[in-house]
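User: Could you take me through this model?

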Amino acid sequence: MPLSQVINETLRVANIIGGVFRRANTDIHFKGYTIPKGCKIFASFRAVHLNNEHYENARTFDPWRWQSNNKLQNEVGANLFTPFGGGPRLCPGYELARVVISVFLHHLVLRFSWEAAEEDRLVFFPTTRTLKGYPINLRRRSESV
Ligand code: HEM
């Protein structure tokens, strides 16, 4: 499986940034609601990324959902996948971030193996995390691998 699928799914389910704050600089009318000028709002990425209407079984970590080549383009285009924000304040470090994560995962998977040290599970409130911090027993693979 391409690492990019694992990275997309991690950013969808458990992004470190749950959303961004904004202030309305004019009255905004949206889906029957009015956000008055001056109001602070929180645009929640989590609410979109973990919505079953947008992602089937949204709380299931499933990197295979990104298998289709068009999936990422579609979701980004529809603002359904915004781990790095969007518009003029789009994260300028997003490509670097993806490269760094790829290099880290590449070496982690090739050089080490691990198993869960304890039973653990994902919780989704207030953020996505593992209940016990996912303790693992890490083992270095032999150099020949
Ligand atoms: C997984 C890693 C990262 C995530 C999830 C992330 C996410 C974000 C998000 C959501 C924003 C938009 C904030 C907003 O709209 O108010 C942002 C902005 C920003 N990010 Fe990142 N980021 C990541 C890594 C990086 C890296 C590696 C750098 C630089 C080396 C970086 C530099 C910045 C800067 C300077 C801004 C402010 C852009 C602006 O306000 O115009 N980020 N990031």
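Analyst: What follows covers the iron site and then the aromatic pairs. This is a predicted model, in which local features need pLDDT of at least 70 and side-chain atom pairs count only at pLDDT 80 or more, while totals for chains, interfaces and linings use all residues. Residues are numbered from 1 along each chain as its sequence is written, and side-chain values use heavy atoms, with hydrogens and water left out.

User: Which protein atom is the donor to the iron of the ligand?

Analyst: The single protein donor is SG of C91, 2.3 Å from the iron atom; donors are N, O and S atoms within 2.8 Å of the metal (3.2 Å for Na, K and Ca), and sites may look incomplete since water is not among the atoms.

User: And where does C91 lie?

Analyst: C91 sits in the loop between α3 (69-77) and α4, where helices (H or I, at least four residues) and strands (E, at least two) are DSSP runs numbered from the N terminus.

User: Switching topic, how many aromatic pairs are there?

Analyst: The count is four, taking rings of Phe, Tyr and Trp (its six-membered ring) with centres within 6.5 Å, where planes under 30 degrees apart are stacked, over 60 edge-to-face and the rest tilted. One of them is the tilted pair of F21 and F42, at 4.9 Å centre to centre and 50 degrees between the planes. F21 is in strand β1 (residues 19-23) and F42 in strand β4 (residues 40-44), so this pair ties together parts 21 residues apart in sequence.

User: Which residues do ring pairs link into a cluster?

Analyst: That cluster consists of Y55, W66 and F81.
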